[in-house]
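Please load the model and keep the sequence alongside. This report walks through the chain from its overall makeup to its single residues.

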Amino acid sequence: MTTRLFFLAQRSLSLKTLALAHPSILSSSRSYISEMRRSALKDNLLRILRTEITYEFEHRSPRLVIYPTNIQSIAAPFENSTFSDSRLNPGSFLQSPTSFDSFFVEDNPGEQWIRLKRKYGEAEDIKIDATMFDGATPQRLPAAAGGEEEPRLHISLIVEVSKGEASGSVLQFVCSAWPDSLDVEKVFPVSRGPAALRPFMGPHFKELDDELQAALRSYLEERGVNDDLAEFLHEYMENKDKTEVIRWMKNVEAYVMK
């Protein structure tokens, strides 16, 4: 036992002497271990990211949104993708419509909203800014479908009706798009000049006279802002949500790989 303790003490003293005589050896060893640990952590993170990306493509992949009577053109959001697995070539199926009815869709990759624009008549411009899904309410399914609750997703819209730069104001509608309907929440004019600090935005839409509510809904529907648009937006945002999740993971992967 004494001999073993003496041997260990002598070995420890030898290592200390070696470290003092050659500090670069110990430093290099520590650097090597640290580099190996960093490399292992990086490889593990990349492995998990690629597994998740593959899963998203195979199980939740964005799909082509088709409205045969309304779409004029199709674009692929990932046309410049460099994903290494040829089976997951996104350009072959990650497609979204660039127009619906008379609206043209402006969708910038990586943003949480889209813009739709159209002309109405000779004088009016219609502009719609729509968020991605920003809320939900519970909805109980019929007993035949299991009777379970399924979230009813919500999209916020700002609809702007403009009569050109010569007009001193625009008319804005704050709306809620549900999977099968579009509700109006507020209606108010907005000045093109300096905005009031706390402008009066009018009463809530449902507090208005029924006849006035019906007339304002008809005003919007005449300009293409209706239940069909709400249904289109939900299909579009479902696709965009999946696309943006994949894009986000690929951006994280690209950064980690640097």
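## Basis

This is a predicted model, in which local features need pLDDT of at least 70 and side-chain atom pairs count only at pLDDT 80 or more, while totals for chains, interfaces and linings use all residues. Residues are numbered from 1 along each chain as its sequence is written, and side-chain values use heavy atoms, with hydrogens and water left out.

## Whole chain

The protein chain holds 4 helices and 10 strands. Helices (H or I, at least four residues) and strands (E, at least two) are DSSP runs, numbered from the N terminus. The order of elements from the N terminus is α-α-β-β-β-β-β-β-β-β-β-β-α-α.

Of the 258 residues, 30% count as buried. Buried means under 20% relative accessible area, exposed means over 50%, and partly exposed lies in between (1.4 Å probe, protein chains only). The chain exposes about 16,800 Å², and carbon and sulfur atoms supply 55% of that area. Accessible areas come from the Shrake-Rupley method with a 1.4 Å probe; for residues, only the protein chains shown count as cover.

Contacts can be sorted by sequence separation. A contact means heavy atoms within 4.5 Å. Among contacts between residues at least 6 apart in sequence, 54% join residues at least 24 apart.

Two strands pair if DSSP finds at least two bridges between them. Strand E6 (residues 124-131) pairs with E8 in the antiparallel sense over 6 bridges. Strand E8 (residues 149-162) in turn pairs with E9, again antiparallel, over 7 bridges. E9 and strand E10 (residues 181-191) are antiparallel too, joined by 10 bridges.

| Residue | Bridge partner | Strand of partner |
|---|---|---|
| Ala130 | Leu157 | E8 |
| Val159 | Phe173 | E9 |
| Val161 | Leu171 | E9 |
| Ser176 | Asp183 | E10 |

E9 and E10 form a hairpin with 2 residues between them.

How many residues of strand E9 are buried? The count is 7 of the 10 residues (169-178), so E9 is largely enclosed by the rest of the structure. In a regular strand the side chains alternate between the two faces of the sheet.

## Helix H3

Helix H3 (residues 210-222) has 13 residues. From first C-alpha to last, H3 reaches 18 Å, close to the 18 Å expected at 1.5 Å a residue. The expected span is 1.5 Å times one less than the number of residues.

Gln213, Leu216 and Leu220 are buried in H3. Seen down the helix axis, the buried residues of H3 fall within an arc of 70°, so they line one face. That arc is taken from the directions from the helix axis to the C-beta atoms. What covers these buried residues includes E8, E9 and E10. The face turned away from the buried side carries the exposed residues Asp210, Glu211 and Glu222.

The N-terminal end of H3 is capped by Asp209, with a side-chain oxygen 2.9 Å from the backbone nitrogen of Glu211. Just after H3, Gly224 takes a positive phi of about 85°.

## Helix H4

H4 has 31 residues and reaches 45 Å from its first C-alpha to its last, close to the 45 Å expected at 1.5 Å a residue. Asn226 caps the N-terminal end of H4: one of its side-chain oxygens lies 3.2 Å from the backbone nitrogen of Asp228.

Glu244 sits in helix H4 (residues 227-257). Is Glu244 buried or exposed? Glu244 is buried, because its relative accessible area is 13%. Neighbours within four places in sequence aside, Glu244 is in contact with Asn108, Pro109, Gly110, Glu111 and Met132.

## Two loop residues

Asp101 lies in the loop between strand E3 (99-100) and strand E4 (103-106). At 37% relative accessibility, Asp101 counts as partly exposed. Asp101 and Arg118 are 17 residues apart in sequence, and their C-alpha atoms are 9.4 Å apart.

Gly193 belongs to the loop between E10 and H3. Its relative accessibility is 37%, so Gly193 counts as partly exposed. Gly193 and Gly168 are 25 residues apart in sequence and 7.4 Å apart in space, C-alpha to C-alpha.

How values were computed. A polar contact is a pair of N or O atoms within 3.5 Å; within protein, one must be able to donate a hydrogen and the other to accept it, and residues adjacent in sequence count only if both atoms are side-chain atoms.
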